[in-house]
Amino acid sequence: MAKPIVAIIGRPNVGKSTFFNYLAGKRISIVEDTPGVTRDRIYTEVEWRGRKFTLIDTGGIEPYAQDKIMLEMRNQAEIAIETADVIVFLVDLKDGVTPSDKEVASMLRKTKKPVILAVNKVDNIGEPPAEIYEFYNLGLGEFIAVSSIHGLGMGDLLDEIHKNFPEEKEEEADDDVIKVAIVGKPNVGKSSLLNKITGENRVIVSDVPGTTRDAIDVHVENEKGKFTFIDTAGIRRKSKIRENIEKYSVIRSWTAVERSDVCVIMIDAQEGVAEQDTKIAGFAHEQGKASIIVVNKWDLIEKETGTLEEYTEKIRNKLSFMTYAPVLFISAKTGLRINKLYDLIEYVHSQASVRIATGVLNDVLNEAIAMVQPPSDKGRRLKVYYITQSSVKPPTFILFVNRAELMHYSYERYLENQLRKSFGFEGTPIRFKLKQKG
Ligand code: GDP
Ligand code: GDP
């Protein structure tokens, strides 16, 4: 099921981040920061009436330059119109209707997407001041009064958002199909790769349930199995603003990663790992997805002995949180090593689906504990009694311990490495959950 995207837009200081943080609540701090990835606080998952959606603060995508507010507002509105299922336009009661509000409103009136006007800083929601009626002048119809700082009116607003979601349809659940997201920056070669690997076998599946976006998935069945390649490029709209294309591509990448079983993270060989690549890879890691790092345009690199090893080393350094992911050097243009890709997709997917019997797991655990003692603090030592696998995709293990707070990141890392030595889990993150006992 694809999660709908809700974008908040509005001028600086109307309260977008306050609004966003209120809805994000504690959820943000639960997600552990991935070392090496600067965490953007621009998206978060929210659940309302049993439906999950992704909330995006378009104001966080790029800071405003003082003299360019109008331009930034237009950019935000364009991104929201392009990528969101529901747009929340936040205005400020204290400022009233401003010229840039009017301009954005006129852009929003042209879109077919649902737009919800929310008037923020109505701290006295029971008796809003008469000035509030001024916002009818924006020509966007009814508005909802909220106070983000006090969390007032949020339920009504969420209900309105919820009402406007595209109809929820179950995505056809065919367990044999591996859903693959090919993600990367614009021009890295995603479409070229897709064309090359799907060749004549492609069947275009255009209706992605639960979204109003024009996503086009490609389904392939061949001797290697059944695959659905999730659309990430999207229909290439002609944006007037070049940078906006990059921004859409990031948002599209997130949603594709969320829906996928396997992520193919594409790096441009000539450019190396860019900041955007790190963000996308970090997102895939946090979402627990199996991943393959594909370095494309390898045909353009001058090679000597050791070039490949050196390059791999650089990638490992930059994407240090993802050392489990295999790296493949390809050329979507010449076809170099592309035949390996299906095998790798199959392989990492099966690795992410492995279940290890409890007895064997505990043998490995006991041996690991015997070799390196668990950490201690102020005379108390961590005891790990027992391990069991609770789920797959990603493989998740429950560790029964005496005191959870004695666990140390480095010891968890050590246990992870021991499990990997014994069982592989190549291409997939693995997770631990601690349960305190006795
Ligand atoms: P952004 O630039 O749109 O992200 O705005 P911020 O979230 O940073 O908020 C700008 C200012 O407005 C901050 O000083 C907030 O504390 C304040 N603010 C946000 N929401 C409310 C509200 O509901 N009521 C009041 N009185 N102030 C608010
Ligand atoms: P996308 O935006 O990620 O879908 O990228 P495209 O598939 O549209 O490719 C962008 C450009 O890079 C096109 O001009 C392609 O011909 C070129 N390109 C893609 N893959 C390769 C490759 O492996 N080698 C070379 N030399 N060019 C490539």
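**Close-up 1. Proline 394 sits in the loop between E16 and E17.** Keep in mind that what you're looking at is a predicted model. Check the peptide bond running from lysine 393 to proline 394: that one is cis, with omega near 0 degrees. The strands on either side of this loop, E16 and E17, turn up again in the next view.

**Close-up 2. E16, E17 and E18 make an open sheet of 3 strands.** Read across, the order is E16-E17-E18, and the pairing is mixed. Strand E16 (384-391) and strand E18 (431-436) are the edge strands with a single partner strand each, so each has one side with no neighbour in the sheet. On average, neighbouring strands here are turned by 25 degrees against each other, direction ignored. Strand E17 (residues 396-401) pairs with E18 in the parallel sense, over 6 bridges.

**Close-up 3. Six strands line up in an open sheet with mixed pairing.** Here the order is E2-E3-E1-E4-E5-E6. At the edges you'll find strand E2 (43-48) and strand E6 (143-145), each of which pairs on one side only. The twist from one strand to the next averages 30 degrees. Looking at one pair in this sheet, strand E1 (residues 5-9) runs parallel to strand E4 (residues 86-92), and the two are joined over 4 bridges. Isoleucine 8 is the residue to look for, standing opposite valine 88 in E4.

**Close-up 4. A salt bridge links lysine 3 to glutamate 45.** The closest N and O atoms of this pair are 2.4 Å apart. Lysine 3 belongs to the segment before E1, while glutamate 45 is part of strand E2, so the pair ties together parts that are 42 residues apart in sequence. This is one of 19 salt bridges that the structure holds.

**Close-up 5. Ligand 1 has 15 residues around it.** The closest are Asn13, Lys16, Ser17, Thr18 and Asp123. Which helix gives the largest share of the shell around ligand 1? That's helix H1 (residues 16-24), with 3 residues. By type, the shell divides into 3 nonpolar, 7 polar and 5 charged residues. In the side chain of serine 17, an N or O atom is 2.6 Å from an oxygen atom of ligand 1. Aspartate 123 brings a polar side-chain atom to 2.7 Å from a nitrogen atom of the ligand. With isoleucine 149 the backbone is involved: one of its polar backbone atoms is 3.2 Å from an oxygen atom of ligand 1. As for cover, ligand 1 has 580 Å² of accessible area on its own, and the protein covers 72% of that.

**Close-up 6. Ligand 2 is surrounded by 16 residues.** Asn187, Lys190, Ser191, Ser192 and Asp299 are the closest. Helix H6 (residues 190-198) supplies the largest share of this shell, 3 residues. Sorted by type, there are 4 nonpolar, 6 polar and 6 charged residues around ligand 2. Start with serine 191, where a polar side-chain atom lies 2.4 Å from an oxygen atom of the ligand. Serine 331 also uses a polar side-chain atom, lying 3.1 Å from an oxygen atom of ligand 2. Glycine 189 makes its contact through the backbone, with an N or O atom 3.0 Å from a ligand oxygen. Of the 580 Å² of accessible area that ligand 2 has on its own, the protein covers 76%.

**Close-up 7. Lysine 297 has a positive phi although it is not a glycine.** Its phi is about 65 degrees. Where does lysine 297 lie? Look in the loop between strand E12 (290-296) and helix H9 (307-318).

Note on methods. Residues numbered from 1 in each chain as written. Chains lettered and ligands numbered in written order. Predicted model: local features only at pLDDT ≥ 70, side-chain atom pairs only at ≥ 80, totals over all residues. Heavy atoms only, no water. Pairing = 2+ DSSP bridges. Axes fitted to C-alpha atoms, helices over the stretch in contact; angles between N-to-C directions. Near = heavy atom within 4 Å. Polar contact = N/O pair within 3.5 Å; in protein donor to acceptor, adjacent residues only side chain to side chain. Areas by Shrake-Rupley, 256 points an atom, 1.4 Å probe, with all protein chains shown as cover. Nonpolar A, V, L, I, M, F, W, Y, C, P; charged D, E, K, R; others polar. Salt bridge = Lys/Arg side-chain N within 4 Å of Asp/Glu carboxyl O.
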